Amino acid sequence: MTKKVIVIGSGFSSLSASCYLAKQGFEVTIYEKNSTLGGRARQLKKDGFTFDIGPSWYWMPDIFENFFGDFGKKTSDYYQLDKLNPAYKIFFKDDVITIGDHMDQICEEFERLEPGSALHLRNFIAKAQENYKIAIEKIVLRPGISPFELVTKDTALRVDQFFKTISQQVRKKFKNPKLIATLEFPVLFLGAKPSKTPSFYSFMNFADFGLGTWHPQGGMYEIIKAMEALALELGVVIHTESPVEKIIVERGKAVGIITKGAQRTADVVLSGADYHHSESLLNSEYRQYSEAYWGKKIFAPSSLLFYVGFDKKLNNIEHHNLFFDTDFEQHAEEIYDRPQWPKDPLFYVNFPSVTDPSMAPTGCETGFFLVPIATNLEDTPELRTQYFDLIIKRFQERTGQDVKNNIIFKESFCVNDFKEQYNSYKGNAYGMANTLLQTAFLRPKLKSKKVKNLFFTGQLTVPGPGVPPSLISGKLVSELITKSN
Ligand SMILES: Cc1cc2nc3c(=O)[nH]c(=O)nc-3n(C[C@H](O)[C@H](O)[C@H](O)COP(=O)(O)OP(=O)(O)OC[C@H]3O[C@@H](n4cnc5c(N)ncnc54)[C@H](O)[C@@H]3O)c2cc1C
């Protein structure tokens, strides 16, 4: 008899799991609280401008290709991918670094700032490439059940890299603070400070310089549209505007959910909503992790975001722009060590309309501004305005142009929205960080230890934050469900 799976949420991880489960012959139904799919990767369309609300960096194209490949498809069946050149630009107080789409160009840029550094860079990226291969082929595809999953011949040879940090490794060979910041940037996607992230994660540097930065024409939401199309093709049923209010457990077994006051039964319940929230849908005796447990974990930052429509094309910008013109250490402390609104924050600006005209009306620019901040900060309209003024002023100074009077509209998104729209724990933007003590089997589990037939997926569980890991998380949990049913 066909078994029924209810999936809570429609982020990357839920959509991924739904596709795999439907392919295995399960009857899959998604219940999503919001009116559109995609979770943190939803889209905002306004006055001819298109914004990706969350993720904007398309890294690790191989993972996306593998996902669609598992269903006999290619990404090109759904969207057109372009490799960005330059990949991105970093603004410092007194200089700008441009990262090209090829190691030769990047090495030239490194030599300009620190003669002799190109050779170190090539060695560093060669090691990062080895780590990438090991991570993708041997570690990331394990379900995080046992510590032995991490023990392979390759990891045993690199055990020191799990105890040294990426900061230490980078500083051994590079002295120029701008190059250090450039090489520490990729691990910020993992949600913790580079000084808390194991150097094994240098595989993110290979993802950056080795595999490059890509853009799906039309924006990141094209991936969600592709996954929705695939899910529907595989027979998945999708309900939006259907917040799940409760996970029903009978005799220690998940047997369904309650949404909009109605009971829906299933053989398996899988939640892709934030793990902490998912467990709050259970009676307390069925929760595996206490408030104290969550309170001790290192979470990835929250973000203050602005979606801005400009009525002109802007100068001196690229598709991706990092503003590292203030003190990174101080900002990192204000995120992780002494949580507070940052005095002088670093920020990131995405202008997809620079390379993709479909994202803005002719002669206009679509701008997405992101300031990483600590989770759970006070979030008021006044603070949002204060920070917008601060970053727009710095943006104007660094890029040498006036843009403030060319803003047609701006929308913002911050801690309160993360909580309200995604039931995000403390308003985190991208889940639980990947530190040594929050890696693999040390993360919240895909399978409930207390409730039979209850599973979890997404950026708070295995393997971790980011779009590619969320795709993998969906695959891993679908394998566990298939095995136990
Ligand atoms: C601002 C920002 C920038 C980012 N940038 C990048 C980037 O450039 N590159 C990258 O790879 N990653 C990036 N990320 C991370 C990436 O977006 C996430 O890791 C990924 O989208 C998480 O997917 P998920 O499936 O785990 O969770 P989500 O996308 O959060 O999905 C969870 C879903 O569950 C739903 N839900 C919650 N509660 C309920 C309920 N009770 N009932 C029903 N549904 C419910 C939510 O509405 C949501 O749709 C970024 C994230 C943010 C926020």
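Colleague: What covers the buried residues of helix 7?

Modeller: Helix 8 (177-184) is part of that cover. Contact here means C-beta atoms, placed from the backbone, within 7 Å, and helices are DSSP runs of H or I, at least four residues, while strands are runs of E, at least two, all numbered from the N terminus. Mind you, this is a predicted model: local features need pLDDT of at least 70, side-chain atom pairs count only at pLDDT 80 or more, and totals for chains, interfaces and linings use all residues. Residue numbers start from 1 along each chain as its sequence is written.

Colleague: Which residues of helix 7 are buried?

Modeller: In helix 7 (residues 166-173) they are Ile 166, Gln 169 and Val 170. A residue is buried if 20 or more other C-beta atoms lie within 10 Å of its own, exposed if 12 or fewer, and partly exposed in between, with C-beta atoms placed from the backbone.

Colleague: Why say that they line one face of the helix?

Modeller: Because down the axis of helix 7 its buried residues fall within an arc of 95°, the arc being that of the directions from the helix axis to the C-beta atoms. The face turned away from that buried side carries the exposed Gln 168 and Lys 172.

Colleague: What makes strand 10 and strand 12 edge strands?

Modeller: Their open sheet has the order 10-11-12, with antiparallel pairing. Two strands pair if DSSP finds at least two bridges between them. Strand 10 (244-250) and strand 12 (262-265) each have a single partner strand, so one side of each is left without a neighbour in the sheet.

Colleague: How many bridges join strand 10 to strand 11?

Modeller: Six, to residues 253-259, running antiparallel; in strand 11, Lys 253 is the bridge partner of Glu 250.

Colleague: And which are the edge strands in the sheet of seven strands?

Modeller: That open sheet runs 7-6-15-16-17-14-18 with mixed pairing, and strand 7 (96-99) and strand 18 (407-413) each pair on one side only. Within this sheet, nine bridges join strand 14 (residues 302-310) to strand 17 (residues 365-373), antiparallel.

Colleague: Why does the radius of gyration agree with a compact globule?

Modeller: Because 485 residues would give a radius near 23 Å for a compact globule, and the protein chain has 22 Å. The radius is taken over C-alpha atoms, and the rule is 2.2 Å times the number of residues to the power 0.38. Buried residues make up 51% of the 485.

Terms used
Two residues are in contact if their C-beta atoms, placed from the backbone, lie within 7 Å.
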